[in-house]
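Thanks for coming. Please have a look at the model on the screen, and I will go through a few parts of it.

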Amino acid sequence: MTLLWSRADLLAATSGHFPSTTPSDIAGTGVSIDTRTLRPGDVFIALQGERSNGHAHVRAALDAGAAAVIVHERCDIADPRILSVADTLVALQDMARFARARFAGRMVAVTGSVGKTSVKDMLRHALEACGPTHYAVASYNNHWGVPLTLARLPAGAAYCVCEIGMNHAGEILPLARMVRPDVAVVSTVASSHLGLMGSVDAIAREKAEIMRALPPGGTGIIPAGITGEDYFVLNAAGSGARLWRAGYDATCTVTVEVTRHDAQGSDLDIRLPGWHGQARINAPGRHMAANAMLALAAADACGADMTRAADGLATFRPGTGRGAITHVMHDSVALLDESYNASPASVRAALDLLGLVAAGRRVVVLGDMLELGTFAGHEHASLLPAVRENADTVFCCGPNMKILFDTLPSSLQGGWTPDSELMAPIVRASVRAGDTVMVKGSHGSRMDRIVAALRADTVQAGLA
Ligand SMILES: Nc1ncnc2c1ncn2[C@@H]1O[C@H](COP(=O)(O)OP(=O)(O)OP(=O)(O)O)[C@@H](O)[C@H]1O
Ligand SMILES: [Mg+2]
């Protein structure tokens with residue numbers, strides 16, 4: 001296993017102190033902030049969260065074989081592995097900067113309103129085919145997720161892919177400066193988190209901050225025509241970085257032609273500054289093809305072997321609830337499971353995908369989109385044209401989706417319930433052989449209950 005954190009490096013990174021008895025052979029092979037997933041050899045950092053405090057788990061971390069435990073509260077346990085610092089979150093961030101500084105590979109940061117994790121995971125599949133690649137776990141994209149990814153970065157990796165998120169103004173730049181990307185990719189600008197940001201223009205301005213963390217000669221990559229394109233152009237120019245626009249016409253630096261869409265994915269013909277070739281993305285929909293184009297552009301900007309990168313991309317599969325199509329109810333019904341999350345842009349993308357792949361009746365089941373604040377009513381109602389175009393019957397759950405439901409023509413109204421638990425048996429009873437069903441809603445709307453009901457072998461009462 002790779003040595004990540006020696007005693008000397010921990011001390012140098014954090015300016016903390018060990019008890020004087022500490023042996024000098026600390027060998028941290030990982031970094032953990034949660035004892036439930038801690039592996040022997042991990043450096044455990046006791047973070048103070050909103051709902052939990054890692055300091056309550058110091059004993060558990062030591063017993064589980066932590067190589068070192070970093071604390072800032074007074075601790076009655078005498079153990080040579082305990083490193084005391086002034087603030088554990090700052091220590092994590094200091095470790096992140098230290099690990100970033102000793103990393104000599106190519107660093108990529110991905111941000112955007114939707115599609116960050118998709119692009120990040122596509123890119124890591126592409127880069128893993130070219131050399132040792134480190135990447136953010138899940139959606140680790142916030143004030144602890146980004147530094148945790150960096151603190152786990154092996155110095156000898158060839159590539160690192162970080163995800164950077166935000167829901168408030170001012171969050172992107174400090175995280176991007178910690179990451180110090182050679183390549184910055186923006187997937188989309190859309191109305192996710194509109195409630196806290198106020199306008200799509202403000203969201204574009206915030207996303208464009210990532211370009212300010214690029215070095216001279218670095219590469220920014222954006223989809224051509226992205227909302228607020230000028231902000232990205234200006235900020236990249238301010239850094240002395242080049243900006244690649246990726247799109248479908250010849251004016252773009254990166255162009256893609258989708259030669260075929262099917263229910264499992266798309267075939268692409270891609271022209272990059274350093275490569276022209278074909279690629280396959282095994283995730284269906286125009287939005288996933290667009291994400292794949294950005295991922296391959298980022299691989300090219302990293303100087304990767306693009307034939308290998310394209311082969312690696314083909315091994316990507318969508319995660320649970322993120323757009324995979326499977327067959328349920330004795331293979332009689334196609335299920336497009338989008339239940340993991342929803343925002344206006346991703347619901348439109350999923351509806352577009354449904355229209356693209358459905359052969360029979362198109363059944364749409366939508367749960368509330370959250371974090372839209374005072375814009376919720378408008379944003380839910382604004383889905384009407386996309387729904388009319390791509391659905392034959394629509395089921396809605398939750399108070400916000402009621403707004404959309406009430407505007408639907410009666411021929412499209414399948415039913416409305418206050419929550420997904422009540423909706424699950426209704427949808428299950430309504431679908432017929434040959435239907436394609438798309439289920440989507442914000443994580444908190446628990447649309448996975450509908451998916452579970454459709455997957456169950458037989459109709460069950462009271463599914464939860
Ligand atoms: N380019 C895109 N345009 C529209 N929707 C997209 C795009 N890429 C992904 N999506 C959809 O958006 C949803 C979230 O995708 P993903 O997890 O990749 O985004 P994210 O930005 O990482 O989200 P989070 O903020 O939750 O981390 C999924 O339903 C996915 O299908
Ligand atoms: Mg994500």
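Strands here are DSSP runs of E with at least two residues, helices are runs of H or I with at least four residues, and both are numbered from the N terminus. Two strands count as paired if DSSP finds at least two bridges between them. In this pair, R362 stands opposite T436 of β21.

β18 also pairs with strand β19, residues 393-397, again in the parallel sense, over 4 bridges. There, L366 is opposite C396.

Before going on, a note on the source. This is a predicted model, in which local features need pLDDT of at least 70 and side-chain atom pairs count only at pLDDT 80 or more, while totals for chains, interfaces and linings use all residues. Residues are numbered from 1 along each chain as its sequence is written, chains are lettered from A and ligands numbered from 1 in the order in which they are written, and side-chain values use heavy atoms, with hydrogens and water left out.

How many of the residues of β18 are buried? The count is 5 of 5. Buried means under 20% relative accessible area, exposed means over 50%, and partly exposed is in between, with a 1.4 Å probe and protein chains only. On one side of the strand the buried residues are R362, V364 and L366, and on the other V363 and V365.

Now the ligand. Which residues come nearest to ligand 1? Of the 20 around it, they are K116, T117, S118, R322 and K440; a residue is near if one of its heavy atoms lies within 4 Å.

For polar contacts, we count pairs of N or O atoms within 3.5 Å; within protein, one must be able to donate a hydrogen and the other to accept it, and residues adjacent in sequence count only if both atoms are side-chain atoms. A polar side-chain atom of R322 is 2.5 Å from an oxygen atom of ligand 1. N291 has a polar side-chain atom 2.8 Å from a nitrogen atom of the ligand. From G115, a polar backbone atom lies 2.9 Å from a ligand oxygen.

Why does ligand 1 lie between two domains? Because domain 2 (103-313) and domain 3 (324-455) both give residues to its shell. Those bounds come from an automatic or database domain assignment.

Last, R428 sits in helix α16, residues 420-430. Its side chain reaches the backbone oxygen of A453 at 2.9 Å.
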